[in-house]
Amino acid sequence: MSNTTPARRLTSGPDRDKLAADLKKKYDAGASIRALAEETGRSYGGVHRLLQDAGATFRSRGGAPRHNQS
């Protein structure tokens with residue numbers, strides 16, 4: 001048996017819009033897409049699409065730049 005859960009596809013409608021708005025609020029407050037995906041049990045791509053549909057402005061990738069010490 002597999003430990004995967006069935007896909008949770010949300011068609012357009014008020015439930016999807018509310019989830020997208022909630023995710024956008026958390027993302028704008030600093031949560032990562034990966035953290036939101038884990039929290040909701042959705043894929044990275046699914047969360048990214050919901051954020052995109054909610055009009056989120058995406059942050060650049062990565063953390064603080066690393067400097068070589070010579």
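This note goes through the predicted model point by point.

1. Basis. The model is predicted, so local features need pLDDT of at least 70 and side-chain atom pairs count only at pLDDT 80 or more, while totals for chains, interfaces and linings use all residues. Residues are numbered from 1 along each chain as its sequence is written, and side-chain values use heavy atoms, with hydrogens and water left out.

2. Overall build. The chain holds three helices and zero strands, in the order α-α-α from the N terminus. Helices (H or I, at least four residues) and strands (E, at least two) are DSSP runs, numbered from the N terminus.

3. Surface and contacts. Of the 70 residues, 19% count as buried. Buried means under 20% relative accessible area, exposed over 50%, and partly exposed in between (1.4 Å probe, protein chains only). The accessible surface of the chain is about 6000 Å², and carbon and sulfur atoms contribute 48% of this. Among contacts (heavy atoms within 4.5 Å) with a separation of 6 or more, 52% join residues 24 or more positions apart.

4. Helix 3. This helix spans residues 44–53, and its residues Val47, Leu50 and Leu51 are buried. They lie on the same side of helix 3, because they cover an arc of only 100° around the axis. The arc is taken from the directions from the helix axis to the C-beta atoms. Helix 1 (14–28) and helix 2 (33–40) are among what covers the buried residues of helix 3. After helix 3 comes Gly55, with a positive phi near 85°.

5. Salt bridges. The count is four, where a salt bridge is a side-chain nitrogen of Lys or Arg within 4 Å of a carboxyl oxygen of Asp or Glu. One of them joins Asp53 and Arg16 at 2.9 Å, N to O. This pair links distant parts of the chain, with Asp53 in helix 3 and Arg16 in helix 1, 37 residues apart. Asp53 is partly exposed at 46% relative accessible area, whereas Arg16 is buried at 16%.

6. Two further bridges. Lys18 and Asp22 form a salt bridge of 2.9 Å, N to O; both lie in helix 1, four residues apart, about one turn of the helix. Another salt bridge, between Lys26 and Glu39, has an N to O distance of 2.4 Å. Lys26 is in helix 1 and Glu39 in helix 2, so this pair ties together parts 13 residues apart in sequence.

7. A charge over a ring. Arg59 lies over the face of Tyr27, 4.0 Å from the ring centre. The rule asks for NZ of Lys or CZ of Arg within 6 Å of the ring centre and within 35 degrees of the ring normal.

Methods:
Areas by Shrake-Rupley, 256 points an atom, 1.4 Å probe, with all protein chains shown as cover.
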